[in-house]
Amino acid sequence: MATAAARDTAGGRASDAPADDTADFQRAFDAAVAADERIEPRDWMPDAYRATLVRQIAQHAHSEIIGMQPEANWITRAPSLRRKAILMAKVQDEAGHGLYLYSAAETLGTSRDELLDKLHSGRQKYSSIFNYPTLTWADVGAIGWLVDGAAITNQVPLCRCSYGPYARAMVRVCKEESFHQRQGYELLLALSRGTPEQHAMAQDAVDRWWWPSLMMFGPPDDESQHSAQSMAWKIKRHSNDELRRRFVDICVPQAESLGLTLPDPDLKWNEERGQHDFGAIDWTEFRDVLKGNGPCNEERLTRRRRAHEEGAWVREAAAAHAAKHRNSETGAARA
Amino acid sequence: MTTTPAKDTAHTAAALALGDDALVLSHRLGEWAGHAPVLEEELALANIALDLLGQARVLLSAAGDEDELAYLREERAFRNLQLVEQPNGDFAHTIARQLYFSAYQHLLYGELAAGDGPFAPLAGKAVKETAYHRDHAEQWTLRLGDGTDESHARMQRAVDALWRYTGEMFQPVEGVDVDPSGLETAWLERVSEVLRRATVTVPDGPRTGAWTAGAGRQGLHTESFGRMLAEMQHLHRSHPGATW
């Protein structure tokens with residue numbers, strides 16, 4: 001929470017306020033951030049802080065929505081009813097996460113419609129990981145274990161993010177994500193201990209998802225354009241490389257318990273640093289996927305646009321019905 | 001490979017019929033994931049699909065092994081209504097299918113829950129879920145029917161197209177101790193009232209006595225159903241004996 005004086009401006013922006021007041025507001029904001037207080041929607045905040053949060057939260061929401069696709073791809077083919085129920089519940093949770101996150105973004109003065117429009121027109125991005133295809137059932141497990149695992153490593157620190165609505169959304173999201181991650185691990189374990197064909201399917205999936213999962217932490221620290229500012233604002237708490245190393249250290253023993261290998265010949269424990277060393281990430285591939293040239297970029301966005309366009313008449317019907325209903329109620333009240 | 005239920009009793013037959021309804025409709029709703037017209041409907045449709053899948057698992061487990069029954073029976077051994085296997089079509093078709101089926105299921109489970117038969121415990125839980133499903137379908141029927149000209153036309157088309165699959169719900173099912181004609185009267189009253197409020201004309205085509213009546217319950221299905229099963233079963237069948 002920032003100071004009462006700043007809060008009284010009720011969303012006033014730097015450009016609206018006299019110059020000396022802006023300096024006061026900035027000082028109050030900086031002090032609140034320094035004291036680890038939460039910034040709330042009605043507090044004054046720098047325009048760039050607001051814009052960064054809108055971008056990050058929107059991208060996060062978009063990732064939940066696009067991220068439904070690779071997993072929904074297997075709902076109709078899940079090999080047991082128990083697994084089918086788990087997968088349906090997970091995809092449903094993801095839609096719910098998207099809703100929390102769009103709501104959090106809306107507290108910053110944007111709207112879900114506006115953000116979806118930016119997603120559909122390619123002006124806002126989603127996580128590059130969802131541009132990879134789910135080719136076998138084991139991919140559902142690899143996504144749970146590795147992709148959700150990487151997401152949690154990224155998101156747990158966001159529960160302490162300086163912006164209150166985002167931090168609170170993350171608390172709820174992380175609880176469900178960690179459940180998904182355990183389910184993914186358990187799915188892979190069942191495959192790994194199953195028939196030779198199932199074991200091979202699990203290994204193949206881990207081989208394909210390992211490197212893209214490491215890319216989820218973003219570019220290396222020396223190339224990350226937003227990092228320093230985000231860390232100063234306490235939106236971000238740890239650097240990309242720091243979180244990536246933490247993730248590798250978590251995964252190595254888990255892969256051993258799974259009886260699966262990680263596809264990196266350079267991966268080994270470094271006694272001196274007390275961490276794992278690992279091989280070089282293919283940043284060319286990362287940049288290609290980000291630019292739209294990944295295996296599924298085109299399909300993912302096309303499918304999302306199509307769902308939106310084909311649903312337009314339904315949304316229009318709901319709005320028309322609500323308007324009629326409102327009018328008739330008003331009429332009844334008058335009569 | 002074809003799997004048949006272990007015990008061929010009236011109870012097993014009934015559990016299969018009701019379980020297959022829930023299983024097949026759940027699968028159809030699962031096909032909507034990632035395609036819904038608005039995010040809230042991604043949640044709602046998945047939610048209903050999950051409830052139905054939960055019902056299916058209890059019912060199929062009462063008849064045998066749930067996975068063997070779901071994944072290793074062929075088309076002619078499935079006992080679901082033809083209504084629930086109908087393709088999703090547009091959102092209005094999905095809603096009309098939900099309206100017809102959830103109104104039926106709510107009435108059926110209400111009666112089963114009130115009785116002391118073997119399905120009473122399941123029905124007691126499921127009747128609460130089906131009340132929610134019915135409300136969801138009815139609200140959307142009203143919005144689409146009494147929305148825009150386009151949505152009205154689509155809702156009417158959907159209601160008309162699926163009407164001929166509704167008679168089958170009121171054929172007697174072996175092992176289900178409910179009076180079908182009483183269900184049918186209550187169903188017609190409820191559905192007609194919703195359609196009327198939605199400004200949709202109640203179809204006057206055949207419902208009972210049509211060629212479809214009772215066919216699904218006897219293992220005679222429509223053409224799209226085999227393809228649905230091919231997709232649903234292929235992975236399980238590709239790994240005989242594996243556990244997942």
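How many salt bridges does the rule find across the interface of chain B and chain A? There are two, and one of them opens the tour below, which goes through a predicted model.

**View 1. A salt bridge joins A:Lys324 to B:Asp146.** Here the closest N and O atoms of the two residues lie 3.0 Å apart. It is one of two salt bridges that the rule finds between chain B and chain A. Polar contacts can be looked for here too: 17 residue pairs are in polar contact across this interface, with both partners at pLDDT 80 or more.

**View 2. Chain B meets chain A.** On this interface, 48 residues of chain B are in contact with 44 residues of chain A. About 4,000 Å² is buried between the two chains, and 67% of that is on carbon and sulfur atoms. Three residues of chain B lose the most area to chain A, namely B:Leu39, B:Leu43 and B:Trp244, which together give 19% of what that side buries.

**View 3. Helices supply the side of chain B that touches chain A.** The elements giving two or more residues to this side include helix H1 (10–30), helix H5 (91–114) and helix H9 (223–238) of chain B. The largest share, 11 residues, comes from H2(B). Sorted by class, this side of chain B has 23 nonpolar, 13 polar and 12 charged residues.

**View 4. A:Tyr49 and A:Trp233 form an aromatic pair.** The structure holds 19 aromatic pairs over all chains. In this one the ring centres are 5.4 Å apart and the planes stand at 85 degrees, so the pair is edge-to-face. A:Tyr49 sits in helix H3 (residues 47–66) of chain A, while A:Trp233 belongs to the loop between helix H10 (227–232) and helix H11 (240–258) of chain A, so the pair ties together parts 184 residues apart in sequence. A:Tyr49 is buried at 0% relative accessibility, and A:Trp233 is buried with a relative accessible area of 10%.

**View 5. A:Trp145 pairs with A:Tyr185.** Their ring centres are 6.4 Å apart with planes at 70 degrees, so this pair is edge-to-face. A:Trp145 counts as buried, at 0% relative accessibility.

**View 6. Chain B has an aromatic cluster.** Take a moment to find its members: B:Tyr100, B:Phe101, B:Tyr104, B:Trp163, B:Phe170 and B:Trp187.

Definitions and conventions: Residues are numbered from 1 along each chain as its sequence is written. Chains are lettered from A and ligands numbered from 1 in the order in which they are written. This is a predicted model: local features need pLDDT of at least 70, side-chain atom pairs count only at pLDDT 80 or more; totals for chains, interfaces and linings use all residues. Side-chain values use heavy atoms; hydrogens and water are left out. Contact means heavy atoms within 4.5 Å. Buried area is the accessible area (1.4 Å probe) that two parts lose on being put together, summed over both. A salt bridge is a side-chain nitrogen of Lys or Arg within 4 Å of a carboxyl oxygen of Asp or Glu. A polar contact is a pair of N or O atoms within 3.5 Å; within protein, one must be able to donate a hydrogen and the other to accept it, and residues adjacent in sequence count only if both atoms are side-chain atoms. Helices (H or I, at least four residues) and strands (E, at least two) are DSSP runs, numbered from the N terminus. Ala, Val, Leu, Ile, Met, Phe, Trp, Tyr, Cys and Pro count as nonpolar, Asp, Glu, Lys and Arg as charged, and the others, Gly among them, as polar. Rings of Phe, Tyr and Trp (its six-membered ring) pair if their centres lie within 6.5 Å; planes under 30 degrees apart count as stacked, over 60 as edge-to-face and the rest as tilted. Buried means under 20% relative accessible area, exposed over 50%, partly exposed in between (1.4 Å probe, protein chains only).
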